[in-house]
Amino acid sequence: MSMSHLYGRRDAEEDGVDIEKFEITDWDLANEFNPDRRRHRQTKEQMTYGIWAEGDSDEDERPQFGGKRSKDYTAPVNFVSAGLRKPASDEKQENEEEEEGPDDSDDDVPSAPPPPRVLTTKKLQKGNFCGNQSQRFAGGIQTGQGIGSWEKHTKGIGQKLLQKMGYQPGRGLGKNAQGIVNPIEAKVRKGKGAVGAYGNERTVQSLQDFPVVDSDEEEEKEFQKELGQWRKDPAATGARKKPKYSYKTVEELKATGKLAGRSTGTSAGQLAQVKVIDMTGREQKVYSSYSQMSNKHSVPEDGPASTSMRDQKGSSFGLPELEHNLQLLIDLTEQDILQSARRLQHEKDVVVSLSHESQALQTRLEEEQDAIRRMEAVLALVDRFPSGDTAPGEGPTLQECARIFETLQTDYYEEYKTLGLADLAVAVVHPLLKEKLFSWNPLKDSSYCLEEVGKWRVILESRNLLNNGQDSNMDPYHRLLWEVWIPVMRSCVSGWQPRMVGPMVDCVELWSSLLPLWISDYLLAQLVLPRLQREVDAWNPLTDTVPIHSWIHPWLPLLQSRLEPLYAPIRSKLANALQRWHPSDASARLILQPWKDVFSLGAWEAFMVKNIIPKLALCLEELVINPHQQQMEPFNWVIDWEGMLSPSSLVSLLDKNFFPKWLQVLCSWLSNSPNYEEITKWYLGWKTMFSDALLSQTVIKDKFNEALDIMNRAVSSGMGGYMQPGARENIAYLTQTERRKDFHYEAMQERRDTESVAHRGASVSVPTNFKDLIQTKAEENNIVFMPIVAKRHEGKQLYTFGRIVIYIDRGVVFVQGEKTWVPTSLQSLIDMAK
């Protein structure tokens, strides 16, 4: 660049022409070669318009390039135009106004933003750039040429698919060929304004494809209509319409006030002083209360007056203070009306609440008056009872007191239960009943006063109280029996002789239906049983002529298991009495027979094994078997105990002490030329001495079969020399007959065992503990189960179970082994015992 050219530019500047300077300054050099230079972010406007973006000032902007200014949020909200399309006449007029200067004649119409300050050089550059762009864009598009030329590089599958679907070359796509044929054309906009700012921008192609009738008159009307949305021009819109006011009645105001949902705790003055900023419109507005904001559209089609309208009204009607005072009076009046309405509604609610409370109090008063009347009636009935000042015989009788109590229960049940009038029986009925039972002897007249006590049970016994013991708060009827009836029975039992069992048993059985369970238990366990124990301790079976079972057994239905403590002393005294007993004395059997079903099976079997079986064994050992002169009394003494002894014990006794001698005598007789007919009669005679139950036992059958075998061997071998004619046939016939009888006995025994097992399964109860289960199994298998006296192992009682010794610990059976105790099962225990 020459110096003259630079001087020319300076002269141009001096002449007033604004020219952009492009020389390189020291600042450019310092920032270009400075690696630590500060880099500024571009603004949105700079990124959009580039070098044509507006600067912050007319001065040199490069040192402050990218500077960021804070936004002013206190300014009113202004809306940006969406770019309305204007006719050419308006654009021309606006250009003339820009040249002449701003016109302030119309304040309502928002002035257009001033055009950006663009230098002459920038304008030239902008025009050149746009022209180049339009040329470049226009030159880059070839309308309608070369479309689909890419198909020559493919197999034409796209064109074939289109033709199959009805496409014809040169026509548009779609069922009716309504699609465009040529691609969309681009049209360069004149300036940088928004869409539609420079008139119609439609291309020739769009007019051909989408023809629309669009005249300038319609565009003008539409523009004026849209422009009227933002301003009110009386000259443009015609004469000003008369505003229509909306009126609100007091009822509507009350309804609106209720629906407003205002807090009742906030006063009307506080609500009136709330500052409300409305930014929903074109300009921000400030209201003094929410009511002004809600009523801003109360006058339809009457917006805020423009400056021109205020000028037309004149200065004489511009009274903003009066309007403000009137509006304030209206707001205060509305608040007063709403507050008065709320106060009136509150008073009405108070009246309704007080009316309900009055009704409730009236109802309660009536109930209390009725309760007072009932209480007076109850007091009158209670006064009829005898008091401490009443002389004996002057007050009501026991029957009259019962009728008074029945009246209280039926007519005044609530008062009877609430006040606990049943406790009056302690002070009223007890003295009367005690006086009546004073001379009563239960052993002579056990039914005396039974009916009266039964009536008092119906009156006094509480059905919802289950008192099972002595208590200070026990049922009145139970207390009546405990304090009146039990003392009479206590004195009677203390002087009662247990051997006179009949009257006492009858008295207890007669009164048991009226006695509570715990009083009945007390009578039997604490009064009767100790008296029986003392009598058993004083009983001597050797000198006492009255059998003990005659005055003990009548108590079995009443005392049941409570008599268990008496059985051990009775067995001990009976055992002492049997020490010098001989089987020939039948009185022992008569004394022991009533106790067979009373004692437990194990205890009874142990008693027999210890006291009776040794005596019977000694008797059988002394028995002499002589076929020619037989003494049957010792054998009969033993057989008479068949029902008293268990089958296993009696069979074992006969097996050890009778059959060895009997078989020995039979062998000796067969070896000395016997008469087989006599032997047969002797055999059958002895067999008839045994009952069917004994003959069905396996051991007894084996012994008699062994005798038959001996007789058959003797007949077959000819032992003894001379053989009696027909002896072999007779013995064979006898053997066959006995075998048939044995088979018949076995069948009968199996049937009997089946019936007994079924009956026992239906009647026997389930054992309550493991010891009872062992005892039940021992009884079923005919095994002796009894405790060993004064023998314990680690504090556990030892028992004999057949031939073995056991003890029970926590439901487990321990059997004595060679060195230690071994736990075993119940079935193994039974197998070892057998």
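Reply: A salt bridge is a side-chain nitrogen of Lys or Arg within 4 Å of a carboxyl oxygen of Asp or Glu. The model here is predicted.

Me: By this rule, how many salt bridges are there?

Reply: The rule asks for a Lys or Arg nitrogen within 4 Å of an Asp or Glu carboxyl oxygen. Applied to this predicted model, the count is ten.

Me: Which residue forms a salt bridge with Glu452, and where do the two partners lie?

Reply: The closest N and O atoms of Glu452 and its partner Lys436 are 3.2 Å apart, and the cut-off is 4 Å. The pair links distant parts of the chain, 16 residues apart, with Glu452 in helix α18 (residues 450-460). The partner, in helix α17 (residues 424-436), is Lys436.

Me: Is Lys436 buried, partly exposed or exposed?

Reply: Buried means under 20% relative accessible area and exposed means over 50%. Lys436 has 24% relative accessibility, so Lys436 counts as partly exposed.

Me: What separates Arg479 and Glu483 along their helix?

Reply: The side chains of Arg479 and Glu483 meet in a salt bridge, 2.9 Å from N to O. Arg479 is partly exposed at 29% relative accessible area, and Glu483 is partly exposed at 32%. Because the two are four residues apart in helix α19 (residues 476-494), the separation is about one helical turn.

Me: Which parts of the chain does the pair of Glu535 and Arg499 tie together, and how many residues apart are they in sequence?

Reply: Glu535 and Arg499 form a salt bridge, with the closest N and O atoms 3.0 Å apart. Glu535 lies in helix α21 (residues 517-537) and Arg499 in the loop between α19 and α20 (501-511), so the pair ties together parts whose separation in sequence is 36 residues.

Me: Which residues are linked with Arg499 in a network of salt bridges?

Reply: Arg499 forms a salt bridge with Glu535. The network of salt bridges links Arg499 with Glu535 and Asp544.

Me: Where does Met689 lie, and how far is it from Asn636 in space?

Reply: Met689 is in the loop between α31 (676-688) and α32 (692-695). Leaving aside neighbours within four places in sequence, Met689 is in contact with Met632, Phe635, Asn636 and Ile639. Met689 and Asn636 are 53 residues apart in sequence, while their C-alpha to C-alpha distance is 8.5 Å.

Me: What is the phi of Gln560, and is the residue buried or exposed?

Reply: Gln560 is not a glycine, yet its phi is positive, at about 50 degrees. Gln560 sits in the loop between α23 (556-559) and α24 (564-577). Its relative accessible area is 53%, and over 50% counts as exposed, so Gln560 is exposed.

Conventions:
Residues are numbered from 1 along each chain as its sequence is written. This is a predicted model: local features need pLDDT of at least 70, side-chain atom pairs count only at pLDDT 80 or more; totals for chains, interfaces and linings use all residues. Side-chain values use heavy atoms; hydrogens and water are left out. Contact means heavy atoms within 4.5 Å. Buried means under 20% relative accessible area, exposed over 50%, partly exposed in between (1.4 Å probe, protein chains only).
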